[in-house]
Each structure stands twice: as structure tokens, then as C-alpha cells.
Amino acid sequence: PQALTKHPSDVLHLNVGGLTNVAVLRKTLTHFEHSTLAYRFSGRWDDSLEKTKCGSFFIDQDPQVFLSLLNYLRQCDQKTPDHKMKRLPPPPPTVEFCSMLESYGL
């Protein structure tokens with residue numbers, strides 16, 4: 001069998017909290033290279049990560065909190081017309097959000 005190559009453009013399917021399904025590019029989750037989140041979704045550990053019956057990666061987080069992080073990461077990947085990275089303020093620092101950031105090393 002041919003080994004699958006992991007690319008930043010891979011589309012990953014996530015199930016967040018058992019309630020929300022979302023598709024995201026691998027490069028979005030690995031935007032902050034030295035974070036636990038990036039390490040987890042680098043592609044190296046895909047076979048050992050928790051998955052649902054349909055094969056989506058399972059994220060055991062509150063969907064609303066995780067999706068606010070995901071939207072922030074998506075915006076970080078966007079560039080301005082002069083090709084500079086946008087500097088965006090993070091979402092509001094709720095206790096849940098800060099706890100999640102800490103668990104992902106962000």
C-alpha cells in the first residue's frame with residue numbers, strides 16, 4: 001500500500017464536541033508551528049488521533065469556543081492586498097477560551 005503524503009492543503013474533517021462537523025485546511029490548524037495544535041495535526045499523528053465512526057477527527061471541546069479559535073486561525077492565514085499577514089486581535093478571552101488556548105499551547 002502506498003503511504004499517504006500529508007500536505008498543508010489537505011482538507012481535514014473535524015467533529016467538535018460531538019455536535020458540530022467542520023472542514024478545515026491542515027495549514028489552518030498548523031498556523032502556529034510550535035503549538036500543540038500544530039503538532040497534533042501535522043499529519044504525523046493522524047492514525048493515532050481520536051476519530052468518529054465516519055473518520056472525522058474528534059475534538060473534545062465546546063463547539064462555540066473551538067469555532068471562535070478556528071475562525072481566528074482562518075483570518076490569520078489571509079493576506080492583505082500588499083501580501084502582508086494580517087495582525088488580528090484574538091477572540092474575547094473567556095475562561096473556556098483561555099483554557100483551550102493553554103491546552104493547545106497557543
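The model is predicted, so local features need pLDDT of at least 70 and side-chain atom pairs count only at pLDDT 80 or more, while totals for chains, interfaces and linings use all residues. Residues are numbered from 1 along each chain as its sequence is written, and side-chain values use heavy atoms, with hydrogens and water left out.

Start with the overall layout. The protein has four helices and three strands. Both are DSSP runs, numbered from the N terminus: helices are H or I with at least four residues, strands are E with at least two. Along the sequence the pattern reads β-β-α-α-β-α-α. Of the 106 residues, 31% are buried. Buried means under 20% relative accessible area, exposed means over 50%, and partly exposed lies in between (1.4 Å probe, protein chains only). Contact means heavy atoms within 4.5 Å. Among contacts with a separation of 6 or more, 53% come from residues 24 or more positions apart.

Now the sheet. Three strands form an open sheet in the order β2-β1-β3, with mixed pairing. Two strands pair if DSSP finds at least two bridges between them. β2 (20-25) and β3 stand at the edges with a single partner strand each, so one side of each has no neighbour in the sheet. From one strand to the next, the twist averages 35 degrees. Strand β1 (residues 11-16) pairs with β2 in the antiparallel sense, over six bridges. Histidine 13 stands opposite alanine 23 in β2.

Helix α3 links the sheet to the next topic. α3 lies across β1, β2 and β3 and runs at about 20 degrees to β2. Axes here are lines fitted to C-alpha atoms, for helices over the stretch in contact, and angles run from 0 to 180 degrees between N-to-C directions. α3 (residues 63-77) also meets α4 (residues 95-103): their axes come within 10 Å and cross at roughly 65 degrees. Val65, Phe66, Ser68 and Leu69 of α3 make the contact with Glu96, Phe97, Met100 and Leu101 of α4. By class, that contact has six nonpolar, one polar and one charged residues. Ala, Val, Leu, Ile, Met, Phe, Trp, Tyr, Cys and Pro count as nonpolar, Asp, Glu, Lys and Arg as charged, and the others, Gly among them, as polar.

Next, the aromatic rings. The structure holds three aromatic pairs. Rings of Phe, Tyr and Trp (its six-membered ring) pair if their centres lie within 6.5 Å; planes under 30 degrees apart are stacked, over 60 edge-to-face, and the rest tilted. Tyrosine 39 and tryptophan 45 have ring centres 5.7 Å apart and planes at 55 degrees, so this pair is tilted. Tyrosine 39 is partly exposed at 46% relative accessible area, and tryptophan 45 is partly exposed at 30%. Phenylalanine 41 and phenylalanine 57 have centres 5.6 Å apart and planes at 90 degrees, so that pair is edge-to-face. Phenylalanine 41 lies in the loop between α2 (36-40) and β3 (57-59) and phenylalanine 57 in β3, so the pair ties together parts 16 residues apart in sequence. Phenylalanine 41 is buried at 0%, and phenylalanine 57 is buried at 8%.

Phenylalanine 41 also touches arginine 26. Arginine 26 lies in helix α1 (residues 26-29) and is buried, with a relative accessible area of 4%. Leaving aside residues up to four places away in sequence, arginine 26 touches residues including Lys6, His7, Pro8, Asp10 and Asp46.
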